[in-house]
Amino acid sequence: MTIDPFLPALYRVDGARRELSDTVTLTIAPMAGARPAFQPGQFNMLYAFGVGEVAISMSGDVEAGGFVHTVRDVGAVSRAIAAMEVGATIGVRGPFGTGWPVKEAEGGDVLVIAGGLGLAPLRPAIYHLLANRGRYGRVTILFGTRNPADMLYRHEIEDWRRRLDLDIDVTVDHADQDWRGNVGVVPNLVPKAAFDPEETVAMVCGPEVMMRFTVAALAEAGVPADRIHLSMERNMKCAIGLCGHCQFGPTFVCKDGPVMRYDRIAGIFATREI
Amino acid sequence: MEGLERIVKEHPFFAGFAPAHADLVAGCARNHRFDAGSYLFHEGEAANEFFLIRHGRVALEIVQPGKPPIVFETLGPGEIVGASWLVPPYRWMFDARAMEMTRAIGIDAACLRGKCDADHDLGYEMMQRFLPVMVKRLHATRLQILDVYGKR
């Protein structure tokens, strides 16, 4: 039997956790059958019936029961999804796209660098790294966010901070005097982190401008371009490389990405309107 | 004095500095200890010194009337605080507060400017150290003011 890739499967919202004033994490489970396997870094197309469909990265553990998606209310569709309550029905197509290179990173150091909501697509990779901690060298998470109040997954970051086998550094763009941590942009944390650049895989996700500055900091630190992986964001519609909405130079972000190796896109990464 | 020379030479900002030049800088140096919450300097004051942080952390703040101060950058060990000593009118443009007990080396600005005027090789070497730091901070500031994590 051929499965129609445009036909959403029905899922039920099993959990809704408000992360920030405009950001919610939904746990969803299939109404029939088991949920498909996925790789950290992949995304689903989530369908709010009667409103529309939007691409949202996985943000939960690959070993967990349902899909977990962290959704920020930025438009009509994401607003409808972020407003869903437990018991609501949601359409799901996926998983789609490429994943973080968690296998390739084994044996070396790993740098996870996130900006703002970019921590959500990286969280499944972090879970994987921590669940298989012995396979990796130093694991470092560098996280930049707008201000202390807008920190995504704060409770989890505090848990990660307590681990002895993980380095985590957080910075905010600005703060009041009560904040005891770093203030400044996340690329500034790169030179302060301990890692062997030649043996490091960097996984980076955040606004594209932040990723450009971060790539420059990684290059200056000596991380080879083919060891830097970025999660790209474009307007995805079909999610299977047919419609061309997410074309990024000669590639489609939906099927050649969203996770892309930097050396393969370096020539077009900073090009406007591409 | 010998201790200060060693500390100056070992500070990352002066890594690879010519020994004779490091000695000249050390001649303008003195030790500081700032308790948590105390200020290295305030906006508008004369920029008579710049600081090499040895231990601790420093928050750079801007104050708007009637509002709490906003911290726009934090600096730690191995970093320098202050560039206003380099350019007239030699006045600080922000406040610098020790977030925790902080040890720093203060370099007397008039002393070092005088030595740079007398020895342009030293002046050029100082500029080669300061300029990349300033450019990096300028780039970071540009990224900061874009407010990239805000709702677009």
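1. Chain A of this predicted model is built from six helices and 15 strands. Its radius of gyration is 18 Å, close to the 19 Å that the globule rule gives for 274 residues, so chain A is as compact as a globular protein of that length. Along the principal axes, its C-alpha trace spans about 50 × 45 × 35 Å.

2. Of the contacts in chain A between residues at least 6 apart in sequence, 69% join residues at least 24 apart.

3. Chain A is divided into domain 1 (9-96) and domain 2 (109-269), and the centres of these two domains, taken over C-alpha atoms, are separated by 22 Å. Where the domains meet, 19 residues of domain 1 of chain A are in contact with 18 residues of domain 2 of chain A. On the domain 1 side, the elements that give two or more residues are strands S1 (9-20), S3 (43-48), S4, S5 and S6 (89-96) of chain A, and the largest share, three residues, comes from S6(A). By class, that side of domain 1 has eight nonpolar, seven polar and four charged residues.

4. Which helix of chain A has 13 residues and reaches 18 Å from its first C-alpha to its last? This is helix H2 (residues 119-131) of chain A, whose reach is close to the 18 Å expected at 1.5 Å a residue. H2(A) is mostly covered, with ten of its 13 residues buried; among them are A:Leu119, A:Pro121, A:Ile126 and A:Leu129, and also A:Arg123 and A:His128. The cover over the buried residues of H2(A) includes strands S4 (52-57), S5 (67-72), S7 (109-115), S8 (139-145), S11 (200-205) and S12 (228-231) of chain A.

5. The largest nonpolar core has 80 residues, of which A:Val112 and A:Ala202 touch the most other members. Domain 1 (9-96) and domain 2 (109-269) of chain A both give residues to this core, so it lies between them. Not counting residues up to four places away in sequence, A:Ala202 touches A:Leu111, A:Ile113, A:Leu218, A:Val223, A:Arg227, A:Ile228 and A:His229. As general background, nonpolar side chains in soluble globular proteins tend to be buried together.

6. Chain B comes to four helices and eight strands, and its pattern along the sequence reads α-α-β-β-β-β-β-β-β-β-α-α. A compact globule with 152 residues would have a radius of gyration near 15 Å, and the 16 Å of chain B agrees with this. The C-alpha trace of chain B spans about 50 × 30 × 25 Å along its principal axes. Buried residues make up 34% of chain B, and residues 24 or more positions apart account for 73% of its contacts with a separation of 6 or more.

7. How many residues of chain B are in contact with chain A? There are 18, and they are in contact with 23 residues of chain A. On the chain B side, strand S5 (70-75) and helix H4 (120-145) of chain B are the elements that give two or more residues, and the largest share, five residues, comes from S5(B). By class, the side of chain B that touches chain A has twelve nonpolar, four polar and two charged residues.

Technical notes: Residues numbered from 1 in each chain as written. Chains lettered and ligands numbered in written order. Predicted model: local features only at pLDDT ≥ 70, side-chain atom pairs only at ≥ 80, totals over all residues. Rg over C-alpha atoms; globule rule 2.2 N^0.38 Å. Contact = placed C-beta atoms within 7 Å. Nonpolar A, V, L, I, M, F, W, Y, C, P; charged D, E, K, R; others polar. Expected span 1.5 Å × (residues − 1). Buried ≥ 20, exposed ≤ 12 C-beta atoms within 10 Å, placed from the backbone. Core = buried A, V, L, I, M, F, W, Y, C linked by C-beta atoms within 7 Å. Domains from an automatic or database assignment.
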